[in-house]
Each structure stands twice: as structure tokens, then as C-alpha cells.
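Please open the structure in your viewer and keep the sequence panel beside it, so that each selection can be followed step by step.

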Amino acid sequence: MANQISIGEPAPGCKKVDPILVANKVTRVFGGLTAVDVEHMEIPRGLITALIGPNGAGKTTMFNLLTGFDKPNTGEWTFDGKNLANVSSYKVARMGMIRTFQLTKALSLLTVIDNMRLGDQKNPGEGFFQAFLRPVWKKHEAKITLKADELLKRFKLDAKREDYAAALSGGQRKLLEMARALMSDPKLVMLDEPMAGVNPALTQSLLEHIKGLKENGTTVLFVEHDMHMVRHISDWVIVMAEGKVVAEGPPADVMKNPAVIDAYLGAHANSDLGDIDINSAAKETN
Amino acid sequence: MDWLNALNLTFGEFIGAYTAAYVLCALGLAVHFGFTGLLNFGQAAFAALGAYGYSIATLSFGWPWYSSVLFGLLCSAAFAVVLGIPTLRLRADYLAIVTIAAAQALKFAVSASIFENVTGGSNGLSQFGDSFYALNPIPKGRYDFGVFALSENELFIRIVAWSLIILIAVFLFFLTRSPWGRVLKGIREDEDAVRSLGKNVFSYKLQSMIVGGSIASLGGMVFVMSSQTNQPSNWGTNFTFMLWTILLLGGAATILGPIVGGMVFFGLLMFLQSVMEGLVNMGWLPFLDIAQVGQIRFLLVGVALMLLVIFRPQGIFGNKKELQFNG
Ligand SMILES: Nc1ncnc2c1ncn2[C@@H]1O[C@H](COP(=O)(O)OP(=O)(O)O)[C@@H](O)[C@H]1O
Ligand SMILES: [Mg+2]
């Protein structure tokens, strides 16, 4: 079970050779419910990491905490060596850590292309006084529009360019949100269920696109229920259940891990995880 | 019945100084609500601060018109910051509550007798326009526009007010079409999404409050300058709700909307009044007397507004496409 990602044997909370994100003792309690209770978690740089676990495991809450959209009860974390606890969410994004939302947040009454343009972080025209000086931002605007159009084409949204985002289907909004997140060339993208509701005809090209991100040096952390996708593209898998990291490792090993099968399936322990639809399995266990 | 008279009076309202004042305040509200999604129910306070800032600077400090204008603008900008800092980080409805309360508090403060020698208490202030009207290049006299005639000063304030509206409209045209304006619209749609893209949402909301509030304070100055009287009773919740009516009538996320909305609103009020007065005089409305007409017209405008909201919810200039996803 040798690998070049973790230091030593893969185990829950194990250290990585080159982590981009390191979290320590992060807890978040809602009323009496401990949604997140992560002792230690490291995300390897430049790779694709899947965060899996049944519904209610605390994956989305963990995303919210790491990106400054929620405040933890305890804990701290660093991104790229910089301390991030108590840093507001927009600053987190400015540091190059961009997330998407499980419940999509397309900006409905903006056109698709304007949604994309908002993803850029260096537009001088977004300053109040420069806003009046069109020559100051015209060139930059043209540049990001070009980039946006390329991304839209890759995500098969180019035909929708001038439509309001509200007119898109649920799956298309997911795609738009992901494309928009890429506008700023983030160091780390965090995708919360990027494939949920996306037309199956598109998933293959999306997978290729996520792999392409890795080739460009972007680190990807994504939450996903589709085990085919997890197995197909991830280099590393972290499993959460009831707020804790219960297992991690290379995908093939993790899927065989009894703790994982247990967390997901309970009674269905004998089936192969890669062959079943986790969504319905998780529903059964609830 | 004298239709020509009714139309003339209506036209008089279209270009009236009060209409212009309301239009300016509604343009400020369009920045807050239409473009940023901020629920400001205290726009009267921003207008009042412009009006009081100007008149106090002139009367108490003896400042010339331009310093007084600047002071009025500064007062409302400061108010935007004071209101914004505690509320703009909270959920949208907090701003609504705080703005209503702050506007009422301000109204009580300026009418309180302790500040009487500065604010004039419940009587308000008057005769602060000399420095402004001294700029008037129009020769003394009566200028005839059909049934209504204007003095040189009445004409001057109208010219200044409507030029100001054109100026502000152009200013907003460029602002809302810039990347800065795009961020505001993004915040209106979903502020968390905009945050996740690395924008300082709080700072943009504060900027929007200041810009819209400053425009409203110009409206407040125009309002009191036409009669040279500034009374606390002008700045009640009534004022704010008229602005909302105008904004929704014209279309919230547009620039032409509040302008035409204001003209139509006051034009319609006047038209209804003169037509109904005509009908009463002809004995066609035996159940009404002339004094009641003034109230009935508001009722009719209310009904018209309801019909508008039902059949054209996006307002006169709003984009139908934008609205159909809201329901
Ligand atoms: N804002 C909230 N208030 C109360 N409970 C919450 C809140 N957000 C999440 N939870 C609870 O925390 C747990 C983890 O939720 P979540 O992070 O959404 O799980 P996952 O994304 O893994 O499905 C769930 O039990 C959920 O009900
Ligand atoms: Mg989730």
C-alpha cells in the first residue's frame, strides 16, 4: 500500500508530503449536534481529493468553515502556509481558495457572461472611482470576456451566453458556478457536489475538465456521491461520517475499507461500493 | 369642463420642483434597492439631512451655497456610514427596521425644542435661499407657460433641478454599466455568491448606501429650496413611501424608471384632481364636494398602482424578462 501522497501508511488524519491545506481540531456544534469534529486533516497539493461520506456527515459544514462562511467553535487551519482561521470569506477567496455551493448560487438576474465576469478578481473597474474611467478597465474587461467565453465553451454554456442565469437548468447552473469559480485561476477549488443534477451526457467531459485543472497545477477538493466519478478522477479520498474523518487513502483502498462500507451502507456491507448508487444507499440508512 | 386647464396643470406637475425632488430621492433609492437589493425604508432621513445640512450651514454658519451643498452631502454620507456599519453585515431585514427607526428618530430630533435655535424645532427653518438664488441669471419677471406662469426664481429652481436629474442619470448610467455596478447587481442576487468570488460585499453595500443617500440629499435640498422652507413634517414615513411608489411604478432596477415614475405619479395626481374638480363643478359627482377630491385622488392612484403591480409588476421601464423568474 505504498503511495507518494501520505507520509507513512494512510490513516484518518495522516500527514501529507506536500499539503496545501492543513486543519487542526476543527469543531462546529449546532445546538446539541456536533456537525464537524475533525482532529486533523491535510489536503495534498496539486492533486484531486474527494471528500465523501453519507448525508449529514458534515462535509458542507466543513467547506463552510474552511472558506470563512461559518465560524468554528474551536480549531484553526492554514492554507498555503497562511493562517486562515477568522479570516473573512472574501479574503479567503482572494488568497486563491474558491468554493462552490451545494445549493447553487447562480446570480439569477445577471446574464451568464456577466456571472462569469464577476469571477475575475483583478478588474480595476470594480473600484468606485475607476468605474467612471472606462479606458482604465476596457482592456482588462475584454481580456476576461475572452477567458470567460473559452470557459463557457468548455462547459457547453456558450449558447446561453446572453441568457439570464435564471433561465438555466439546475445542472447548467452547477456548471456555470464551477466555470465562474475558475475565472480567477484559484490555487484550490472546492466543489460541493459538482455533478448533482448535471446532464449525464456532460459528466464525462466535466471529469476530463477537472483532470485538466490538475494538469495546470490547480488543487481540487470535491464532495461527491457518485462513486464512479470518485474512483475515476480522484488521487486521494477522505471519508467523513458523523463529523469525523473515519478513513482516507487512495480510492481503490478506501472503497474496500470496512469502516467506509459500514459508514455508507450498514446492512449492505457485502456489496462493492463502486457498483451501487450511494445516494439511494444513504437514503436507506437514514 | 376645461380640459386644456387640466392638461396644463398636469404638465406643470411634470416639470415641478417637488416632482424633481422626489425623482432625485427615488433615483437614490434605485441605487439602494434596484441595483443593490438594500431595503432602505428611511430614505426620507437622507433627504432631510440634505435639507437640514444645507439650511443649517447657510443660516447658522453663514456659509455660501456651495459649502452648504457640500455640508448637506457630508451629513447624509455620514448617516449612511453610521447606519451601515452595524446593519450591513446582518440579514437584509435588519437594515429595513433600522432605517425606519433611524428616520423617525431623526425627525423627532430635528423637531425637538432643545435644538430649536439650530433646527428651528417644529417650525423648521426658512429663508436660506438667498445665496443660491443670487446665481439666477434669468431677468426678473413672470414667465408664461399656458395657464401657469412662473417667477424667475421658480423657473430657475426647475432648470437647476432637472439639469441635476439629467446629470445624476448620466452618472448612474455609467456607474451601473461598469464592473462596479455589476458587483452591486451580483450582491442584489446573492451576496454569498459574490463573497465567494472574493468581493468585499460589506464595502460595496456601504458605497451603495453613500451614493444613493447623497443623491437623496440633493433631492432634499431641491425640495426645500423651491419654497425656502424646511419643516420636520416634510420628512415623515409618508415621504419615503411615496418614493417607493414612484420607484416601483417606474421600475426599480432602471434609471429612466424613477424619473418617468415620478412625473407620471404627480402628473396623474394633478390630472385626476382637476378632472374630478371639473366634474364636481358640473354636478356630475353629486356625492363629492371639492374638498374631498384631494383625498379621493390618492385613493384612485392607489387603485391604479395596484392594477399596475398586478398587470405590469416590473414597472413602466422594468424588463419583463427579469421579473418572470421572481415569482
Ligand atoms: N445551519 C445549521 N443549523 C443546524 N444544523 C445544521 C446546520 N448546517 C448543518 N447542520 C447539520 O449538521 C450536519 C452536517 O450537515 P452537512 O454539513 O450539510 O452534511 P453533508 O454536507 O455532509 O451532507 C447535519 O446533521 C445538518 O443537519
Ligand atoms: Mg452537503
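The tour below goes from a hairpin to a sheet, then to the helices on that sheet, and ends with cysteines.

Before selecting anything, note that this is a predicted model, in which local features need pLDDT of at least 70 and side-chain atom pairs count only at pLDDT 80 or more, while totals for chains, interfaces and linings use all residues. Residues are numbered from 1 along each chain as its sequence is written, chains are lettered from A and ligands numbered from 1 in the order in which they are written, and side-chain values use heavy atoms, with hydrogens and water left out.

**The hairpin**

Select residues 19–30 and 33–44 of chain A, which are strands E1 and E2, joined in the antiparallel sense over ten bridges. Strands here are DSSP runs of E with at least two residues, helices are runs of H or I with at least four, and both are numbered from the N terminus; two strands pair if DSSP finds at least two bridges between them. Within this pair, A:Val26 has A:Val38 as its bridge partner. Two residues lie between the strands of the hairpin, and there A:Gly31 takes a positive phi near 60 degrees.

Which order do the six strands of the open sheet in chain A follow? Traced across, the order is E6-E7-E8-E3-E9-E10, and the pairing is mixed. Strands E6 (97–99) and E10 (244–249) of chain A stand at the edges with a single partner strand each, so one side of each has no neighbour in the sheet. Select residues 48–52 and 219–223 of chain A to see E3 and E8 pair in the parallel sense over four bridges, where A:Ala50 stands opposite A:Phe222.

**Helices on the sheet**

Next select residues 59–66 of chain A, helix H1, which packs on the sheet and touches E3, E6, E7, E8 and E9 of chain A, where contact means heavy atoms within 4.5 Å. Helix H6, residues 200–215 of chain A, also packs on the sheet, touching E3, E7 and E8 of chain A.

**The cysteines**

Finally, the structure holds zero disulfides over all chains, a disulfide being a pair of cysteine sulfur atoms within 2.5 Å. Select B:Cys25, whose nearest cysteine sulfur, that of B:Cys75, is 15 Å away. B:Cys25 counts as buried because its relative accessibility is 0%, the cut-offs being under 20% relative accessible area for buried, over 50% for exposed and partly exposed in between, with a 1.4 Å probe and protein chains only.

Technical notes. Axes fitted to C-alpha atoms, helices over the stretch in contact; angles between N-to-C directions.
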